[in-house]
Amino acid sequence: MIRHLLGIEGLTLEELEHLLLNAASFVEVSKRDIKKVPSLRGKTIINFFMEPSTRTRTSFEIAGKRLSADTINVSGSSSSVVKGETLLDTARSLEAMNPDAIVVRHKASGAPHFLARHLSDTVIINAGDGMHEHPTQALLDCLSLQQHFVERPQGIKGLTIAIVGDIRHSRVVRSNIWAHKLLGNKVRLVAPPTLIPPEFLHPDCFGDPSFLSIHHKLEEGLEGVDVIMGLRLQMERQSQFFIPSVQEYTNEYFVSSNLVDRLAPQAVVLHPGPVNRGVEIATDLVDGPRSLVSRQVNNGVAVRMAVLFACCTGDRLEREEAA
Ligand code: NCD
């Protein structure tokens with residue numbers, strides 16, 4: 001039996017809610033004086049990061065340590081991949097040392113799925129693959145919203161979320177779309193036409209398309225929303241010119257605090273980071289009272305504890321085969 005977390009796509013609502021519930025219960029561990037529980041004692045977790053990362057890599061490492069697992073970090077520049085070894089050969093060498101889980105970040109969409117298909121004994125957790133998925137980011141976004149909307153009778157169901165920015169190159173957006181579809185929320189994608197992936201225009205892209213709408217005018221996309229999620233312009237993934245210039249993008253899509261009046265009264269601001277202040281979003285929004293940005297980072301540890309626990313112990317995420 002293989003157990004992985006490769007994406008939010010394919011999870012059931014029950015599995016998503018179960019992970020969020022476990023994550024919520026792990027939040028408290030990080031507030032203790034001694035921030036450790038024995039849940040994964042004797043387990044070995046390898047963080048195999050082939051792309052830069054601050055929040056995700058650090059929080060996976062902290063999460064593993066707080067669960068008493070042994071965690072080892074392997075980065076792209078320090079692995080044999082730079083000597084010409086294939087990704088699979090490197091991963092097989094890591095697997096030969098009997099880790100319980102390998103957490104993978106890779107610039108190629110599908111790399112964790114590929115490893116999950118080829119490694120027989122190791123759990124694979126996707127920490128962000130190319131422009132595809134970033135499941136733990138969507139989970140920590142949902143947990144942060146759950147905490148904020150705790151008084152709302154229906155919790156985080158029935159919300160309207162506007163995701164603004166470089167949709168085309170974002171893995172965060174795909175994982176969030178799947179999560180909010182499961183939760184029964186409405187998602188508005190707000191971006192210039194060139195930053196919307198062409199496949200998103202296909203009505204079958206995410207199944208029933210009624211929960212998803214695309215907006216090219218910022219003011220219209222933000223009208224009455226409960227959540228704004230800002231996204232960075234991912235210049236490192238842009239092989240062509242998708243916008244005339246950063247200045248022209250900013251002129252039309254910069255989320256400024258003047259737009260707050262258009263939002264729902266309880267509305268909050270999310271951003272996965274890193275933030276390009278002054279390019280996609282105003283500093284006073286990122287640092288202001290509606291911002292959940294620090295809370296998102298804080299929740300990253302608890303969410304990754306829940307995911308590591310689920311995957312390393314087989315708790316409710318069992319799969320007959322890799323997705
Ligand atoms: C995101 C990522 O790497 O996909 N960041 C993150 O994990 N916190 C978003 C981004 O890089 O812009």
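Biologist: Which residues are around the ligand?
Modeller: Around the ligand are Arg55, Thr56, Arg105, His134, Gln137, Arg171, Val172, Arg232, Gln234, Pro272, Gly273 and Pro274, where a residue counts as near if one of its heavy atoms lies within 4 Å. This is a predicted model, in which local features need pLDDT of at least 70 and side-chain atom pairs count only at pLDDT 80 or more, while totals for chains, interfaces and linings use all residues. Residues are numbered from 1 along each chain as its sequence is written, and side-chain values use heavy atoms, with hydrogens and water left out.
Biologist: How do the residues of that shell divide into nonpolar, polar and charged?
Modeller: The shell has 3 nonpolar, 5 polar and 4 charged residues, with Ala, Val, Leu, Ile, Met, Phe, Trp, Tyr, Cys and Pro taken as nonpolar, Asp, Glu, Lys and Arg as charged, and the others, Gly among them, as polar.
Biologist: And which helices each supply at least two residues of the shell?
Modeller: Helix H2 (55-66) and helix H6 (171-183) each do so, helices being DSSP runs of H or I with at least four residues and strands runs of E with at least two, numbered from the N terminus.
Biologist: What is 2.7 Å from an oxygen atom of the ligand?
Modeller: That is an N or O atom in the side chain of Arg171, and a nitrogen atom of the ligand is 2.9 Å from a polar backbone atom of Gly273. The protein covers 94% of the 320 Å² of accessible area that the ligand has on its own, by the Shrake-Rupley method with a 1.4 Å probe.
Biologist: Back to Arg171, what does Glu51 form with it?
Modeller: Glu51 forms a salt bridge with Arg171, the closest N and O atoms being 3.0 Å apart, under the rule of a Lys or Arg side-chain nitrogen within 4 Å of an Asp or Glu carboxyl oxygen. Glu51 lies in the loop between strand S1 (44-49) and H2 and Arg171 in helix H6, so the pair ties together parts 120 residues apart in sequence.
Biologist: New topic: is the peptide bond from Gly273 to Pro274 cis or trans?
Modeller: The bond is cis, with omega near -5°, and Pro274 is placed in the loop between strand S9 (268-270) and helix H9 (283-286).

Methods:
A polar contact is a pair of N or O atoms within 3.5 Å; within protein, one must be able to donate a hydrogen and the other to accept it, and residues adjacent in sequence count only if both atoms are side-chain atoms.
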